[in-house]
Amino acid sequence: MPKRSERVIDYSVFLNGNKYLGTATATLPEITYLVETIKGGGIAGEIEAPSPGQTGAMSLALTWRTIEEAAAELLAPVSHALDLRASIQTFDTSTGEYKESALKVTVRARPLGLTLGNLEPAATMETTNNFSVSYLKVVLDQVSVLEIDKYNYIHKVHGTDYLKETRAHLAMN
């Protein structure tokens, strides 16, 4: 295990793949599976059984240092295609060298609201856009490690689509 991830060097936010919006602090989506408590004969107590591919609501928050034109643009009640592109600092323990990995997080998200933030002398405003996410794709060094597309019934983890068989059963292919 010679490569160790250390930190995000920097990242930027893009709209529709090419319009630079700036750099904001991003709170990325949390992925949680829908679960059902299973109990009954043959089970010693209860167990939480996740439903593969079925996830809870995902959200994204972008917090800007001050009110930005992008924050107002992203309040438009449409689905926005956003790319968050980052460079991650790694350390190669076998060579003693710093290296970088590329991270791209792509979302399709609809605005839930905008918090304008605070007005205070010599302080950031912390203007925040909040979104509902229906599509999420995470690519690390050009390898797709996660893709969730709720409307198209796709749930891929490291290339395996855990909803492929379900789509076939539902005649969705």
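This is a predicted model: local features need pLDDT of at least 70, side-chain atom pairs count only at pLDDT 80 or more; totals for chains, interfaces and linings use all residues.
**Entry 1**

Residues are numbered from 1 along each chain as its sequence is written, and side-chain values use heavy atoms, with hydrogens and water left out.

I then placed I47 in strand β5, residues 46–55. Helices (H or I, at least four residues) and strands (E, at least two) are DSSP runs, numbered from the N terminus. I47 counts as partly exposed because its relative accessibility is 47%; buried means under 20%, exposed over 50%, and partly exposed in between (1.4 Å probe, protein chains only).

**Entry 2: H80**

Is H80 buried or exposed? I found H80 buried, with a relative accessible area of 6%. H80 belongs to strand β7, which covers residues 80–92. Beyond its neighbours within four places in sequence, H80 has contacts (heavy atoms within 4.5 Å) with L15, E73, L74, V107, R108, A109, P111 and F131. A polar atom of the H80 side chain lies 3.2 Å from the backbone oxygen of L74. I also looked up H80 and V133: 53 residues separate them in sequence, and their C-alpha atoms are 9.5 Å apart.

**Entry 3: the largest nonpolar core**

A nonpolar core is a set of buried Ala, Val, Leu, Ile, Met, Phe, Trp, Tyr and Cys residues joined through side-chain atoms within 4.5 Å. The largest one has 27 residues, of which L21, L62, W64, L74, L82, V107 and L136 touch the most other members. Two or more residues come from each of β1 (3–15), β6 (58–64), α1 (69–73), β7, β8 (97–115), β9 (127–140) and β10 (143–149).

**Entry 4: salt bridges**

How many salt bridges does a search of the whole structure find? It finds seven, each being a side-chain nitrogen of Lys or Arg within 4 Å of a carboxyl oxygen of Asp or Glu.

- K3 and D141 form a salt bridge, with closest N and O atoms 3.4 Å apart. K3 lies in strand β1 and D141 in the loop between β9 and β10, so the pair ties together parts 138 residues apart in sequence. K3, at 48% relative accessibility, is partly exposed, and D141, at 34%, is partly exposed.
- K99 and D92 meet in a salt bridge at 3.5 Å, N to O. K99 is partly exposed at 38%, whereas D92 is buried at 12%.
- D161 and R167 form a salt bridge, with closest N and O atoms 2.8 Å apart. D161 is buried at 14%, and R167 is buried at 11%.

**Entry 5: T128**

I ended with T128, which is in strand β9 and is buried, with a relative accessible area of 13%. The backbone oxygen of E126 is 3.2 Å from a polar atom of the T128 side chain. Apart from neighbours within four places in sequence, T128 is in contact with A61, L62, T63, G113, L114 and T115.

Terms used: A polar contact is a pair of N or O atoms within 3.5 Å; within protein, one must be able to donate a hydrogen and the other to accept it, and residues adjacent in sequence count only if both atoms are side-chain atoms.
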